[in-house]
Amino acid sequence: MSATLLPEDRPADSHKRSHSAETKRYGFFPGCVAKESCKELFNSTMLLADKLGIELIELTAASCCGASVVNDTNRDIARVLNARTYAQAEALGLDDVITICSTCTGHMRAANKELLENEERMTQANSILGKFGAKYNGGVMVRHLLWMLIDDIGLDNLRKMVVRPLNGLKVAPFYGCHIIRPEKVNGWESARNPHSLEDVVAALGGEPVDYAGKTRCCGFHIQLEKDGVATSMVGQNMRMAKDKGAEAVITPCPLCHLALDGYQQDAASRWGRTDLPTFHLPQLVAFALGVPAEKLGLNKHLIDPRSIMVERDLIA
Amino acid sequence: MANIKLDIFRFDEAVDSVPHRDIVAVDVPETMTVLDALETAKAEVDGSISFRRSCRSAICGSCSMNINGVTGLACKTPCNTVMDEQGVIQVDPMPNFQPMRDLVVHMDPFWDKYTRLKPYLQPADKDEDHQTERRVSPEDMKKLVDVANCVMCATCYALCPVVSVDPSFAGPAAIAYAYRFIEDVRDSKREERLAQINEDYLWLCAHCYACSYCPKHVDPNDRIVDVKRATIKDRVMMNERGPRHALIVNKTVKQTGMLAETEVIQGTVGRFNFRGLLKVAPLGLRMAAKGKLPPPFVKPIPKVDEVRTIFDSLEVPVS
Ligand code: SF4
Ligand code: SF4
Ligand code: SF4
Ligand code: SF4
Ligand code: FES
């Protein structure tokens, strides 16, 4: 209904085709959480890559992107840490780094933008990288797996690859702030009216649920700051989804996943019970593309998605 | 000309218990602003439609409202960017505020948080006779001009998800305005101001960038980060969770190259704060039952000494 507002100054790389896309060999930055408490996300991503016929080359020596926290204390450190990661990708001949976390996407893109747009900062970064013989030449772009799915694989192809359609499962998208905002950093789609997750859900045979909470924040970054605030943000958003008939949620961000999956129970006292199971984006795509459900780590979720999948005749 | 149908939230706290909606149609050029359309509706159709406005040119900050569910200035939003094929535009009062009448809301919580800042210069000497000029270099002023553009429209405050669940949070505009005085070289109350904005939950900002939609490009989100950096630099209230969290994350990234979740949780809540740890424990136990707890120790990434070199080269010493 509202007009789609696209950012005035879209980043130049927002829909560029990379060399990695041509060769189907991408740099892969899983991020800390996918290696620590959300290992099921890492594993499902690798299984999905197999199905898609692409190679995700993990940048094993990459550091944390610094998230908002290193940035809160020292922006230069956060930027140079990421320059180091990009230098590693370049050294492997890769020009496209794929992330599976909204927060990584936003912060890594912000760092890259600053490096590419400001010579002084690039020089500063390289003077430090030079101390251990590394160099970043500015030839890397950072994208979320979600964007890669749509731009490089394509929704039509994805639709054709589906072997286990979701039977109209009602899935509410939850984007996570940093994959859409700020628009001048991300700008792949309108941050006020995004629909990439809806498009993917529909391609998989699910029914996307529209609700006002989809672009709002889950509060993850302030979970330890003051008791109850993040919990309540989760409750508020999940209430909106539930009221619109959602049966499950899909998110491209493991931090959002931790919050949505973890806090709904505690939020019930203020927002009523919602109990919406939350899928990581690659889990649901991999499932529809035929990866056996047992391999996706669905049993690791606090709100088990398997009961609704049984109800919808997706698993036995 | 276009036939614009304004779908307006109607409510008068003095008489109504529940709001209703009116659809008011007006013929206006489609490039006119939503505020112009509202003015036309009020003048030609229904004089009781209430909204705030003054300057009509994005300077006074009065006309912030929800337009198709998106908060912004009505006088800065042309109808043709928001109307649908039938020419319908929904207008509602700003969220996060108590509605008073139609599009007018009670602004008190917003002003209260602003007043708490003592939003005026407090120089070291009072200079009651106004004898000396207080000079600022262009470089020092440069940091402040963006924030000084704030028109106090409360768009950011209405958009803030933290305010929506916890009204004790100062909110984006107040923190941005605190920055305006904290970084003013003429002011003498930097430390008090930092302490106060910390008490008003500076660190409760969730980094969501919703306030990046500020119509005056104040970017409160970035100013909030600046105030956090100033807090750490001046070592104000370092025992609170926010600064502790920031420092422990930095420490684990420097040591391992990764954000070590377990250590960060303990370091933020306080390793010996048993009551605090117990509060996070139920979730921890639920996660443990699913085999989902982060590992107690994180193995350093390959070539972690490079990460340490980066920190050592750029760190302004923090312990
Ligand atoms: S955003 Fe989080 S998960 Fe992603 S790399 Fe940074 S700290 Fe790790
Ligand atoms: S929704 Fe919250 S946790 Fe998820 S990316 Fe946004 S700020 Fe981070
Ligand atoms: S910071 Fe921007 S959005 Fe917030 S009150 Fe000021 S002008 Fe309005
Ligand atoms: S970035 Fe912080 S202050 Fe701004 S809207 Fe989000 S939570 Fe509120
Ligand atoms: S009328 Fe003054 S800002 Fe819109």
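Reader: What makes β1(B) and strand β2 (residues 20–28) of chain B a pair?

Author: The model is predicted. In this model, 9 bridges join β1(B) to β2(B), and the two run antiparallel. Pairing needs at least two DSSP bridges. So β1(B) and β2(B) count as paired. Within this pairing, B:I4 stands opposite B:V26.

Reader: How do you know that β1(B) also pairs with strand β5 (residues 88–92) of chain B?

Author: The test is again at least two bridges. Here 4 bridges join β1(B) to β5(B), so they pair. These strands run parallel. B:L6 has B:I89 in β5(B) as its bridge partner.

Reader: Why is strand β1 (residues 2–10) of chain B called largely enclosed?

Author: A residue is buried at under 20% relative accessible area. In β1(B), 7 of the 9 residues are buried, so the rest of the structure largely encloses this strand.

Reader: What makes a residue part of the surroundings of ligand 2, and how many are there?

Author: One of its heavy atoms must lie within 4 Å of the ligand. For ligand 2, 13 residues surround it. The closest are A:C177, A:C217, A:C218, A:H221 and A:C256. Ligand 2 itself lies between chains A and B.

Reader: How do the residues of the shell around ligand 2 divide into nonpolar, polar and charged?

Author: There are 8 nonpolar and 5 polar residues in the shell, and no charged ones. Cys counts as nonpolar here. Asp, Glu, Lys and Arg count as charged, so none of these is in the shell.

Reader: Which domains does chain B have?

Author: Chain B is divided into domain 1 (2–105), domain 2 (108–233) and domain 3 (241–314). The C-alpha centres of domain 2 and domain 3 of chain B are 31 Å apart.

Terms used. Residues are numbered from 1 along each chain as its sequence is written. Chains are lettered from A and ligands numbered from 1 in the order in which they are written. This is a predicted model: local features need pLDDT of at least 70, side-chain atom pairs count only at pLDDT 80 or more; totals for chains, interfaces and linings use all residues. Side-chain values use heavy atoms; hydrogens and water are left out. Domain bounds come from an automatic or database domain assignment. Buried means under 20% relative accessible area, exposed over 50%, partly exposed in between (1.4 Å probe, protein chains only).
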